[in-house]
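User: Please show me how to read the features of a protein model, one at a time.

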Amino acid sequence: MALQTTTNIWHNGNLIPWDKAQIHVMSHVVHYGSSVFEGIRCYTQPNGSGVFRLQEHMARLLDSAKIYRMPLPYTVDQLCSAVVDVVEANGIAPCYIRPIAFRGYGEMGVNPLNSPVEVYIANFPWGKYVPGNQGADVCISSWSRLAPNTMPSLAKAGANYMNSQLIRMEAEVNGYSEGIALDVNGYLSEGSGENLFVVKGGILYTTPLANSVLSGITRASVIMLAKQLGIEVVEQALPREMLYIADEAFFTGTAAEVTHLRSVDRILVGDGTMGPITSALHEEFFAIVNGLKADRHNWLTPVNVKVAEPVGV
Ligand SMILES: Cc1ncc(COP(=O)(O)O)c(C=O)c1O
């Protein structure tokens with residue numbers, strides 16, 4: 001789907017026109033992938049709009065930058081205010097928010113330390129990410145996820161998404177909605193842009209951080225909701241075949257939200273429909289973000305958005 005443009009983008013402390021948010025082809029990031037970024041959703045509720053877990057996303061952005069020795073001259077609070085400013089200036093909700101920090105135009109050569117750090121925040125409308133209204137048909141990828149001590153999977157870095165691109169392209173070329181990668185030891189890791197959950201015998205399993213997964217903010221939210229609903233949650237390494245014998249399975253992610261898996265490698269997950277534990281979590285998650293239930297965890301940062309329409313395509 002073509003990117004829908006908005007009016008403003010936040011750049012290093014100022015709002016600039018969408019079309020002016022450009023970089024030089026010789027910027028370090030273009031050649032060496034030196035970026036870290038976030039993906040955040042802003043939802044609408046009956047009485048306004050709210051950004052989901054904004055503080056946690058901005059804290060993760062700073063963590064990603066720290067791993068890559070990329071000093072960001074902003075605090076979590078300043079970055080959160082910047083998000084509110086750009087979302088309110090563009091007047092679009094619901095929307096997806098993309099903060100990104102990267103090494104700009106400076107020196108050539110792999111060492112990024114002498115290239116300036118640029119920070120941008122854009123927002124735009126973005127709907128369903130993993131196709132399949134009746135559940136997603138996914139495959140196990142022939143590509144492995146990032147091996148430990150190669151590319152750090154706790155950093156949400158642009159370069160990690162070269163691996164994600166291989167996984168996603170292979171899946172789509174072969175007629176699947178998404179691919180799930182194994183880690184370097186052959187255990188389940190995650191989707192190209194989603195964390196993975198499996199239900200078996202009433203227990204909710206998810207793969208731990210040691211299996212090369214991103215520390216997903218939706219993952220953490222779903223784990224919290226599950227515990228509150230009295231569902232036992234176990235984080236442990238899972239073999240691939242756990243998916244084939246699962247009662248239920250689903251992805252979580254900012255883009256994917258909570259998406260149930262209908263099949264894996266053409267083997268139905270359970271009976272292929274969204275099972276009771278996935279349904280309960282799906283309902284609870286959307287009830288909170290859509291304002292149908294109280295925001296009891298203070299997950300939503302209010303934004304004052306009056307218009308709910310994109311400017312152009
Ligand atoms: C590789 C990967 N794993 C997991 C996730 C889910 O993380 P979150 O729920 O914080 O969006 C994402 C999306 O950001 C991702 O790109």
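Analyst: Start with Ser-212, which sits in the loop between β12 (203-206) and α5 (217-228). The model is predicted, so local features need pLDDT of at least 70 and side-chain atom pairs count only at pLDDT 80 or more, while totals for chains, interfaces and linings use all residues. Residues are numbered from 1 along each chain as its sequence is written, and side-chain values use heavy atoms, with hydrogens and water left out.

User: How are labels such as helix and strand assigned?

Analyst: They are DSSP runs numbered from the N terminus: helices are H or I with at least four residues, strands are E with at least two. In the protein chain this comes to seven helices and 17 strands.

User: Is Ser-212 buried or exposed?

Analyst: Buried means under 20% relative accessible area, exposed over 50%, and partly exposed in between, using a 1.4 Å probe and protein chains only. Ser-212 has 3% relative accessibility, so it counts as buried.

User: What is phi for Ser-212?

Analyst: Most residues other than glycine have a negative phi, and most peptide bonds are trans. Ser-212 is not a glycine, yet its phi is positive, about 65°. Asn-298 is another non-glycine residue with a positive phi, here about 55°. Asn-298 belongs to the loop between α7 (276-289) and β17 (300-303). Its relative accessibility is 67%, so Asn-298 counts as exposed.

User: Which residues are joined by a cis peptide bond?

Analyst: Ala-93 and Pro-94 are, with omega at about 0°. Pro-94 is in the loop between α3 (76-90) and β6 (95-103).

User: Which residues does Asn-211 touch?

Analyst: Contact means heavy atoms within 4.5 Å. Not counting residues up to four places away in sequence, Asn-211 touches Asp-183, Tyr-187, Leu-188, Ser-189 and Ala-237. Asn-211 lies in the loop between β12 and α5 and counts as buried because its relative accessibility is 6%.

User: With which side chain does Asn-211 make a polar contact?

Analyst: A polar contact is a pair of N or O atoms within 3.5 Å; within protein, one must be able to donate a hydrogen and the other to accept it, and residues adjacent in sequence count only if both atoms are side-chain atoms. The side chain of Asn-211 has such a contact with the side chain of Asp-183, at 2.8 Å.

User: What does the side chain of Gln-45 reach?

Analyst: It reaches the backbone nitrogen of Gly-50 at 3.1 Å. A polar atom of the Gln-45 side chain also lies 2.8 Å from the backbone oxygen of Val-289. Gln-45 is part of strand β4 (residues 40-45) and, at 17% relative accessibility, counts as buried. Apart from neighbours within four places in sequence, its contacts are Gly-50, Val-289, Asn-290, Gly-291 and Leu-300.

User: What is the radius of gyration of the protein chain?

Analyst: It is taken over C-alpha atoms, and the globule rule is 2.2 Å times the number of residues to the power 0.38. For 313 residues a compact globule would be near 20 Å, and the chain has 19 Å, which agrees. The C-alpha atoms fill a box of roughly 55 × 50 × 30 Å along the principal axes.

User: How many of the 313 residues are buried, as a percentage?

Analyst: Buried residues make up 53% of them. Among contacts between residues at least 6 apart in sequence, 70% join residues at least 24 apart.
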